[in-house]
Every structure is written in structure tokens, then in C-alpha cells.
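Here is a structure to explore one part at a time. Keep the 3D view open and look for each element as it comes up.

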Amino acid sequence: MLEISGLAASVEGTPILRGIDLVVPSGEVHAIMGPNGSGKSTLSYVLAGREDYTVTAGSVRFDGADLLAMEPEMRAAAGVFLAFQAPVELPGVNNANFLRTALNAIRRARGEPELDAVQFLKLARAQSKALAMPEDMLKRNVNVGFSGGEKKRNEVLQMALLRPRLAILDETDSGLDIDALRIVADGVNALRRPEFSALVITHHQRLLERLVPDRVHVLAGGRILRSGGPELARELETRGYGAITAAAA
Amino acid sequence: MTVPMSRGEAGFLGRFEAERASLPGAPGPRAAAAEAFRALGLPGASSGRRAEAWKYTSLRALAEAGFAGSLSVAETDMAMVPRLAATRLVFVDGRFRADLSDPAPGIFGSARAPEFGPLAQPARDPLVALNTMLAEDGAAIEVADGDDAGVVQIAHLASAAAGQAIACHPRHLIRLGAGARLVLLETMSGTGRYLHNPVSEILLGPDAALSHLRLQEEADDAFHLATLYAELAARARYEAFTLNLGARLARTEIHARLAGPDGFVALNAAQLLGGAQHADMTTVVRHDAPRGASRQTVRSVLSGRARGVFQGRIEVARGAQKTDGYQRSQALLLSDAAEIDTKPELEIFADDVKCSHGATVGALDPEQLFYLRSRGVPEAPARAMLVRAFLDESLDAVTHKAARAALDAAIARAWEREAA
Amino acid sequence: MPAVAETLETVESLARSGYKFGFETTIDMDVAPKGLTEDTIRLISARKGEPAWLLDWRFAAFAAWRKMEEPRWARVHHTPIDYQDIHYYAAPKAKAGPASLDEVDPELLATYEKLGIPLKERAILAGVQGANVAVDAVFDSVSVATTFRATLAKSGVIFCPISEAVREHPDLVRQYLGTVVPVADNFFSALNSAVFTDGSFVYIPPGVRCPMELSTYFRINARNTGQFERTLIIADAGAQVSYLEGCTAPQRDENQLHAAVVELIALDDAKIKYSTVQNWYPGDAEGRGGIYNFVTKRGLCRGARSRISWTQVETGSAITWKYPSCVLEGDGSVGEFYSVAMTNHMQQADTGTKMIHIGRDTRSTIVSKGISAGKSDNTYRGLVRIGPRASGARNHTQCDSLLIGDRCGAHTVPYIESRNPSAKVEHEATTSKISEDQMFYCRARGLSQEDAVGLIVNGFCKEVLKELPMEFAVEAQKLLAVSLEGSVG
């Protein structure tokens, strides 16, 4: 589903990604782990199409199409969803309204009928409930005054509503307590089906205990240094990144 | 329709006509300035052009007064001038006094040879026209590239002889070369009735840094009308702090232009006014280059029938992206008859900027007052304490120790006078 | 359904291009010759069948106007207006005065339909339950139809064209006309006082809460005809009324002058809420054509505890010069000003408010949101004045500007004058742009650039939009998005 080959990218002239090769087949969950500054967030931004990240080499194909050629909203319509590490606030923009606008934009692009306000609210309420979120989160302004945990949950709620084909979770687990962590993992697990993939970027093994990945990749210095099964995450937890980065150097 | 000129305006022009042959320097700029002054008139005078910049301050009283030219008297009460630095330029009644001064290389007062810099706008500003027309002496400070000139004091003392109202128009030019540094302390004081109308032009080279402290303690019956222009090259820093305590009518007008990128300007001020005093802080910060920052906090405490004015404008030119401008004006009204007029203005022509201003006007917080009194502090000292705390927050910008001490002492004097 | 949930429709409207309401109706007009003299004023007064006192009042205003000059302090620039090149009177050719809607020229009604103006039963706007709206429709200078008169009459509310009020309720008109905006208040109000042709008159008797929202839709139609509306609203002791004013104008090339005067008077405990959505033709992308809108709006809180609230959404006109103000005379009275001003292309807006605190414990709130795009200039200009008697007065002002693109200007010019130590005044202003983070976040969720901007701008204006009656809020949101066309990317 997602094929990244030789991807290099820089931010304001500084190279961050230095040639990434990664294939995430349909139906699989892959984890990307790595120390701070290894390029994990850059990878997620490049995949979602942030303008100030310049791709200098390589290609990304999503279901065979050239992902890098698409505008951010086209990627969203194609089924790419980025759960932001630090979601931005949108003052005055009602969360439910935002979600309905986004959902209908995507549905329109997919040739599906749009939802009216009543249909949407029914769906959104059901999802909030399933994710054990307070209903007033829908009424509040997007991310404004949300705690760190609430922002992350809001991202998961959006993911559940938009039903992407590829979810990229950028350290969605950071700063979450155990309960919130379970909600995030359950949220992704609920989406798991043969035509759904996920790229889970994380520092910790914690999330991966509930959200068991098919593959684990170690990213450092803008390259993938090692790949393996779920056991690699446990190894990292006990031995740290040092051993791997040292071995690669 | 021509309105007859006021006594004051006619007096200034008459003096220019009488002395123009003997005034130092090239005559061209002076003649042009006289024309401008004739056309503009004094704001508030019946013949003066109405100007938005003078909405809240009228110079009618000045226009109706008569002034003699500056006098140089031998007897000078130097006790009125605090010594704040080893290098000191003293001006008495606008005249440079070499006998009382301690100059240093590059730092001297010019006697009867003012230097007109490139920044002043006599065609636009009537007081600058007046100054250019009649300027005699002034400080000339030049700090070479990379030099740190330390601390320099400029002391202005007006000693108007009994019954003789004088007017002086000193003209200062301060240049800092690339990477040069200077702390400039200006003290302004005097006795009697007089007009002190200085114009300063400040040119800062790349990476230069000027810290400029101005303590205005003019005599009760004085007019203090100061105009300053500062222009900053890339990465230069100009940090000005003005303390307005004296004069019946004071106006400080500062124009600071960030001509090069990454510059920094701070125009802070505090004013403590009582009686029938009127003090006006008017500033224009112009961002002409990207990534500049400007900061401004003006605090006013007004009692009696005093009137405080703050007009501050931040201008961001097209292309001055990433400008960061901030301005805050806060006023405390302590009496029923006091008045504050505030006009903070933003004029923005670039989209990627962060500019904000805020203004508050109010009285002392009754809860704070009650808290202090419930702890046993009587009302008068409690009020004094709160007023001091209010002013102190703005004084915290002044890091030079001797200067801070001088400012603190001046505030204490002013407050005592107010309380008496 | 909350009004904000309707932003989606905004997005659909964006797809339409050009000025949506740019069409012209052809109806035989009865037009006075161009130019302004005492004869013109006599003609207007005669056509209206006015009493002598009003003609004299007009003459006094005309005499004052001739001695005045156009104000120049606002940040607006335009070619000089030739006041002798304007028709000061135009009326749809008189039939014997339509007694009901059936008698109104069908083409006129068709125009209203195109505009989406809910006349007839459609006045009850679709989807909004229980919202009764009475419309006093002004077509050029003469009111041609008024609905719901009977319902209003039952509660004693007077809602009629001001020319009719002059005839039917002369004492009320004479008592209040010009008491809030004196004839010589300013150049444009003097001009209006001399030549006003029509407008609305509203009187709410003591203790009456007006049973429905009152609404006037203005429409400039005749070529080269200046519009000089005069509106007078009086809420007697304890009365309450909400008044809506909305405007659309047909597309045309010549600049058109509009100089309305609106006076509001609130007696003890009365409340007046005045809402405007202004969408006159702004001119084309190069700044050709468009309406010049020089309006004087002022409310007098004469009674104790009275309240006047202005809400405006200004998206149209080539030039907007407008400062809806409150004079807070009664102790404990309250003034409010909520404003969204959006400019695009070559538009110029200089708008704001004055809050004049005279009485004790008076309170005022100012919320102003300015959005500049294209090559436009957008200025907030406001005055908060606390008089010496206004003990305990409070003002809070929040003034935010949003810039879209680097060719426009946003300016904030507040005047704050306080002469009472117990008063408390707070003013905050910010200038910003839509952050790249916000844009990316929206786009990563599937929104197009234009949708994202529309959404963020509506969010930016929410504090003001929520003050509008619901049907207006929906229209205003669409307008904001339509007005932003071509400003993104």
C-alpha cells in the first residue's frame, strides 16, 4: 500500500531524511522507533504534505499513485491520515463543524453522499461514546483549551470518523496516561482490517504492547538502521537505541 | 485667510531675523526651517495648522509667552545636576560649558556649531523647524566601530535669570559605528520659566547598541519639548527610557526607524504628574526591514489636575515580514480632575507579523489598598507603596545601577512634592 | 442547529464566481434632475407631502452643509464626489400606492426573489422556526411594501416608512428627529438631513417587547441615484426591539454615494439591538465602481439601565466610512459594538465606534474583527471617552486584525480618553495572519485551501457572528467566504 524508496528531505536547507526505504503492505501495522531528532516527525510531515519540508530525492507511492505530487487535502481524500504530535488550535472553529466539513470534503472526493448535520451528529456521538470521550468535546473549538490528552483523543476521534486507509500516528502516545493510551490503541485496533495500514511513530514500547505491530523499524540519523518483528521493540526497551546506532556506525 | 501670528511665534521668527547673519553653520537649512515654521505654526496657536499628532497637546500657552534668547550666566548651581558618569557634557541655558564639562575623545559639546544630521524633519515637525532655525550648541558624540564608550552623561541645566524667560534649542548628534556601544544618561533640570526644545539625532550602525536614559526634572514653570530621531542599521539595538517628572508642559516625541533587519527598539517611559502638569509621550516606531522587534511600556500616574497623553504608533512597512511589535500603556488616575488620553496605533502593511497593543486606565486597586491597610499600613503610605510598585515595574528596564538610583531618587522627590 | 454548523454552505457558495447579486431591474422611474439646490429639497419635500417644519429643518441642514467640507481624517481615498452630478430623488412610478403585495410591481417582487429576500410568507425564513420577520422593503427611495403591519399594530408597535410617520405620527417624529445626530453633526449627516428620501421609523411603546424581528432590506437600483436613508428607532421605557438591516446592490460601473443616518433612542430600561449585514457592490478587482458608503449611526441611551447594541458585518462597498456609536447618558446604561469588517481587492474600510460614557456605572463592550485581503485597506477607528461624571464606568475593547496576503493593510486607531478615576478601561489589539500550522492541519483533514481559509476566518469572527440573529448569522458566514474569493493561493 505504502512504498517509500530512497526518500530524502530537508527543512530550510538542513537534510533530515537521508534515504528511507520502507514498504507497508495492506493490513499491516508498522512501528517506527528512534531517538529524538532522528527524523520521525519529519517523515510523518513529508507523508502528509507539509510545504516547508522539501523532498530532495526518492519517491512515495500510495496504492501505486505518486503521493508526493498530491496536495495535502488530496492525500487526505486518498485516505492518508496524520495524527499530529502537537495539534494546532483553531480559535472559534467548532469541533463538530470542522469534522463534518472535513468528512464531507473527503466523502465528496470519494464520490460518496455527504452527511447532513443530523446524520453527522449521530455518527460523531456514537464514535465519541465508543472512544469514551465526553460529548462536549464536539461542541468546543478545535483543540482550543484542550489538555494534551484531550488533543490526542480528539485526533483519534477524527481518525475514527474519517476512516483512513493509512493512519500515521506521530507520537500520539506521548504524554498520555494508561487509560488514554488504551483508548488510542483500541481506536487503531478498531480500524484494523485487511485494507487498513498504520505507521505508528513512538518512543516507547508501552503503546506497542496494546497495539502489536507487524514490523518495527529503527530510525536514526535520517535512515532506517534495523527492521524486525515486535520483539525488536522489546529489545530496544531493554538495551536502548545506543547499541543499534553504535552497531550501524 | 491669514490669522495673525501669535506673540511667541512672532518672537521666535523675529529673533531668527535679527540673528540669522550671526548664527553658526550653513544658512540654507535654517532659512528653510524658518519657512516651515512660518507655514506650520505652533500646534494649538490660532495660526497653527491643525495636526492629528497634536490632538491632545496644545502649545497655545507657549505661543502666548515671550522668550529671550538663551543667556549664559556665570553662577551655576551645579548641585542640581547629579553626577552620574565620569564623562559629562554640561549645557547651561542651552550653551555648552566647557568649564563644567569632562569630555572624552569623540565625545564633546560643540560651542555655537550645531551639526544637522540627516534624520530630523523640520518640514514636518514645527518644533524641529524652530530648533533648526535657532539651534546654537549641542552634543556631538561619535563612537568608532567596535568601541565601547562606556557611560556618558549629558546634563542640561536651565538657570533662567529672574524675570527673564529664556528659550534654548540645543541640537545633539549621536553616531555609533558598527558594533559600538554606549550608555547615555541625560538629565534635564532647572529653575524659573524657560523653554527647553532639544532635538537629537541618533544613528546606529550595524550591531551597535545604545542605552539611552532620560530623566526629565525641569522646573515647574518650564516647557520641555524634546524630539528624538533614531535610525538603526541591521541588528542594532536602541533602548530608551524616559522618566517625566517636571515641567508645566512636557512633550517627548520619539521617531525610531528600524532601517536594517533584525533590529531592536525599546521605548519605555514612566510619568508621575500632579498639579496642572501636562505631559505627552508621542512615539512612532517604523519597521522598514524584516525581523525587527519593538517593545514599549508607558506607565503614567496622574494626580491633581494633571493630564497625561500617550500616543504610540507602530508602523510596519510592506516587506518588513516577521516583525514583532508590542506596546502597552497603563495609567493610574489618582484624583477626580486628572485625565489620561491614550492613542495606541497600529499601521500594518505586511502579513507575517505579530503586533499587539494594550491599554488600561484605572485607579489603585481597592483590594490591594485594603490588604495593606488591614496589615497595619496607613492609607497614605499604602497608596505611595502601590504607586511606587506600579512605577517600579517599568523602571526594571533600567539596568544601569547609578542611573536607576538617580531615577529612584527623583521619583521619591517628586512624590514628596506631590504629597506636600 | 447552531449557526456555525452552516459553514459548509459557505463552502458551496465559494464555487460561484463574481458578484452574486449583480443584476438590474427595469422599472419606470420618476427621477428628479441632477443636482442639489433649495428647489431639489422643495421637490423632495413636496413629493413626500411634508409639513412646513420639516422643510425648514431640511433647509437649515442644507445651509449648514454648504458651509462644511468633506471630512478627510479617515484612511480612505477616492476621486472627488461631484454632489451636483447626483439625482437626489427617484421613485418607482407611482401607482395609487399598493394596498397589498398583490398590487406591487411583479418585476419588483421578482427582484426580491432573486435576492433571496423573504417578502410575503417567505419572510419567515426557511428552516428557522418561529422567527417572524417583518420587512419594510426599500426599493430605491420609496418604501413600496410593508408586511406584518397588522401583527405589529396589535401590540402598539409602529413600524413604517419614515415619510408615512411624518404624516401619521408627526409629534413623535418631531420630538426625536435629529436629537441624536444633529443636522450639522458632520458633512454627510447634514447632506442626509437636507435630502433624505426615506427610511424606517420604529416606535415601541412602554413595556412592549416587539413580537418579531424588524427588518429592512435596502437595495440601490437607479443609476446615479444617491441613497439617503433616514432611520429613527425609539424604544420607550422598558421596551425591547431587534432590528435587522441588510443590503445588496446590483453591479454597475459608476460609483454610487450612500449617506444614511440612523438614530436610536432608548429610554429607561429599554433595549435596542441593531444588526447589519452590508453587502453592497464593492467594485471590481481593479477597484472600478462600487458603492461609497458614508453612514452616520448613533444611539442614545437616554434612560437609566437602557442598552443599545450594534452588530455589523461589513463585506461590501468600495468605501466604508461608518462608526455606529453609543452615547451612554442614563446611569447604568450599556453600549455594545460587535463588528466584522472584511475588505478584499481594492476595498477601503474605515470603521469603528464611539462609546461616550456620561452617566454613572455605564458599561461598554467593543469587539472588532478586521480581515484584509487583496490590495485592500482596513482600519479600525474607535473612541472611548469617560466623562468626569461617569463614576464606575467600564469599557472593554478587543480589536483583532487578520491579514491575508502581503499587499493589504490593517490599521488600528483607538482613542481612549478618561477623566474619571473610578472608571476602568481596557483595550487589547492584535494583528496576525492565518498560521501555516492551521492551514496544514485543515488541509491534512481534507479541506481545500479556500475551505480552510473560510473556516478559519469564520472562527476568527465567531465572537461577533454569535451576536447576530440566527438567520443573519448564516447569511453573514456565506458572505465572508464569498468576499474572500480570489484572495487565497
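## A strand with two partners in chain C

In this predicted model, strand β20 (residues 363-372) of chain C and β22(C) run parallel, joined by 10 bridges. To see how they line up, find Thr365(C), which stands opposite His396(C) in β22(C). Strand β22(C) also pairs with strand β24 (residues 424-433) of chain C, in the parallel sense and over 10 bridges. Here Gln398(C) stands opposite Glu428(C) in β24(C).

How many of the 10 residues of strand β22 (residues 394-403) of chain C are buried? The count is 8, so the strand is largely enclosed by the rest of the structure. As you click along a strand, remember that in a regular strand the side chains alternate between the two faces of the sheet.

## Two open sheets in chain A

Now turn to chain A, where 6 strands form an open sheet in the order β6-β7-β8-β3-β9-β10, with mixed pairing. Its edge strands, each pairing on one side only, are β6 (80-83) and β10 (223-228) of chain A. From one strand to the next, the twist averages 20 degrees. Within this sheet, strand β3 (residues 29-33) and strand β9 (residues 215-220) of chain A run parallel and are joined by 4 bridges.

Another open sheet in chain A has 4 strands in the order β2-β1-β4-β5, and its pairing is antiparallel. At its edges are β2 (14-24) and β5 (65-66) of chain A, each of which pairs on one side only. Strand β4 (residues 53-62) of chain A is joined to β5(A) by 2 bridges, and the two run antiparallel. There, Arg61(A) has Asp66(A) in β5(A) as its bridge partner. Helix α1 (residues 40-48) of chain A packs on this sheet and touches β1 (2-11), β2 and β4 of chain A. The direction of the helix makes about 110 degrees with that of β1(A).

## Nonpolar cores

In soluble globular proteins, nonpolar side chains tend to be buried together. In this model, the largest nonpolar core has 115 residues. The residues that touch the most other members are Leu2(A), Ile4(A), Leu47(A), Leu90(A), Ile371(C) and Val457(C). Which helix gives the most to this core? It is helix α7 (residues 178-191) of chain A, with 7 residues.

## Where the chains meet

Chain C meets chain A through 25 residues of chain C in contact with 40 residues of chain A. Together these chains bury about 2,600 Å², with 60% of it on carbon and sulfur atoms. On the chain C side, Phe440(C), Tyr441(C) and Arg445(C) lose the most area to chain A, together 32% of what that side buries. This interface has 5 salt bridges. Look for Arg443(C) and Glu71(A), whose side chains meet in a salt bridge (2.3 Å, N to O).

Between chain B and chain C, 35 residues of chain B are in contact with 31 residues of chain C. The buried area is about 2,700 Å², and carbon and sulfur atoms give 48% of it. Across this interface there are 4 salt bridges. Glu339(B) and Arg419(C) also meet through their side chains in a salt bridge (3.3 Å, N to O).

## Salt bridges within a chain

Over all chains, the count comes to 80 salt bridges. In chain A, Lys40(A) forms a salt bridge with Glu171(A), their closest N and O atoms being 3.6 Å apart. This pair links distant parts of the chain: Lys40(A) is in helix α1, Glu171(A) is in the loop between β7 (166-170) and α7 of chain A, and they are 131 residues apart. Are these two buried or exposed? Both Lys40(A) and Glu171(A) are buried.

In chain C, the side chains of Glu263(C) and Arg230(C) meet in a salt bridge (2.9 Å, N to O). Glu263(C) is in strand β11 (residues 261-266) and Arg230(C) in strand β8 (residues 230-235) of chain C, 33 residues apart. Both Glu263(C) and Arg230(C) are buried.

Terms used
Residues are numbered from 1 along each chain as its sequence is written. Chains are lettered from A and ligands numbered from 1 in the order in which they are written. This is a predicted model: local features need pLDDT of at least 70, side-chain atom pairs count only at pLDDT 80 or more; totals for chains, interfaces and linings use all residues. Side-chain values use heavy atoms; hydrogens and water are left out. Two strands pair if DSSP finds at least two bridges between them. Axes are lines fitted to C-alpha atoms, for helices over the stretch in contact, and angles run from 0 to 180 degrees between N-to-C directions. A nonpolar core is a set of buried Ala, Val, Leu, Ile, Met, Phe, Trp, Tyr and Cys residues joined through side-chain atoms within 4.5 Å. Buried means under 20% relative accessible area, exposed over 50%, partly exposed in between (1.4 Å probe, protein chains only). Contact means heavy atoms within 4.5 Å. Buried area is the accessible area (1.4 Å probe) that two parts lose on being put together, summed over both.
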